[in-house]
Amino acid sequence: LILSVSESSSPRLLPRAQLGVDYTTFRDLLKAGEWEKADDEHRRLMCVLAGEDAEDRGWVYFTEARAFPVKDLKTIDNLWVHFSDGRYGFSVQRKIWVGQRRQWAKFFKQIDWTTGENNAYRKWPEEFIWKGDAAKGHMPLTNALRGTQLLEALLEHPAFAPPAKPKTGAEQMQDAAQQAAQGAQKAMGNAMKGLKGLKKPDWMK
């Protein structure tokens, strides 16, 4: 068994999440209010989910994050949310990010990852606030110094992002018409290439 939680209840034992990862240590650190150690364990779990290559290098590619199982990411997020009383977690960060119209500078400022007039990134780990009353969304930390692709992959993951709305009949017809037009254009282009390769018959010379 491994630990998981629902947003509306206390942690409980459930069957193994999709990859069978043990979240007990992570749960215990959060429960004890050991926020920095919990964040370190969180980062280790991200590498475990990504596979042996990520564990060896010690960090995760955004392409690997996209393939994380929904069940495991939700387990991690639910633990953050539960033990922070709704203050921390990817789902919390996503709501803030979307509320800031996906503008990273405003998002980082609101979750207090940047400081000063120039919005400089806090130095890790000494300048981050390892307390239960830090800014909402302050944890978990995701390195964005090399770019925001990893964080975006996590915040847009199916575990947190709403499913895409099904297309209307009119939109489907428009897509079909565009595909048909593209097909006709491609066929015309191929036909013209074929004509260019034809030689004039002798009687036309």
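Lys-123 sits in the loop between strand E4 (120-121) and helix H8 (149-155); helices (H or I, at least four residues) and strands (E, at least two) are DSSP runs, numbered from the N terminus. With a relative accessible area of 51%, Lys-123 is exposed (buried means under 20% relative accessible area, exposed over 50%, partly exposed in between, with a 1.4 Å probe and protein chains only). From Lys-123 to Trp-113 is 10 residues in sequence and 9.1 Å in space, C-alpha to C-alpha.

This is a predicted model, where local features need pLDDT of at least 70, side-chain atom pairs count only at pLDDT 80 or more, and totals for chains, interfaces and linings use all residues. Residues are numbered from 1 along each chain as its sequence is written, and side-chain values use heavy atoms, leaving out hydrogens and water.

**Aromatic pairs**

- A pair of aromatic rings is described by the distance of the centres and the angle of the planes.
- Rings of Phe, Tyr and Trp (its six-membered ring) pair if their centres lie within 6.5 Å; planes under 30 degrees apart count as stacked, over 60 as edge-to-face and the rest as tilted.
- By this rule there are 15 aromatic pairs.
- Trp-35 and Trp-80 are stacked, because their ring centres are 6.4 Å apart and their planes meet at 15 degrees.
- This pair links distant parts of the chain, with Trp-35 in helix H2 (residues 35-50) and Trp-80 in helix H5 (residues 70-83), 45 residues apart.
- Trp-35 and Trp-80 are buried.
- Trp-35 also forms an edge-to-face pair with Tyr-88, at 5.3 Å centre to centre and 80 degrees between the planes.
- Here too the pair links distant parts of the chain: Tyr-88 is in the loop between H5 and helix H6 (90-99), 53 residues from Trp-35.
- Ring pairs also join Trp-97, Trp-104, Phe-107, Phe-108, Trp-113, Tyr-121, Phe-128 and Trp-130 into a cluster.

**Charges over a ring**

- A charge sits over a ring if NZ of Lys or CZ of Arg is within 6 Å of the ring centre and within 35 degrees of the ring normal.
- Trp-59 has Arg-57 over its face, 5.3 Å from the ring centre, and the charged end of Arg-146 over its ring, 5.2 Å from the centre.

- The expected span of a helix is 1.5 Å times one less than its number of residues.
- H2, with 16 residues, reaches 23 Å from its first C-alpha to its last, close to the expected 22 Å.
- Among the buried residues of H2 are Trp-35, Asp-39, His-42 and Met-46.
- Their cover includes helix H1 (24-31), helix H3 (52-57), H5, H6 and H8.
- After H2 comes Gly-51, which has a positive phi near 115 degrees.
- H5 is mostly covered, with 10 of its 14 residues buried, including Leu-73, Ile-76, Trp-80 and Phe-83.
- Just after H5, Asp-85 has a positive phi of about 55 degrees.

**The nonpolar core**

- A nonpolar core is a set of buried Ala, Val, Leu, Ile, Met, Phe, Trp, Tyr and Cys residues joined through side-chain atoms within 4.5 Å.
- The largest one has 43 residues, of which Met-46 and Phe-107 touch the most other members.
- H1, H2, H5, H6, helix H7 (104-110) and H8 each supply at least two residues of this core.
- Contact means heavy atoms within 4.5 Å, and leaving aside residues up to four places away in sequence, Phe-107 touches Gln-93, Ile-96, Trp-97, Gln-100, Leu-151 and Leu-155.
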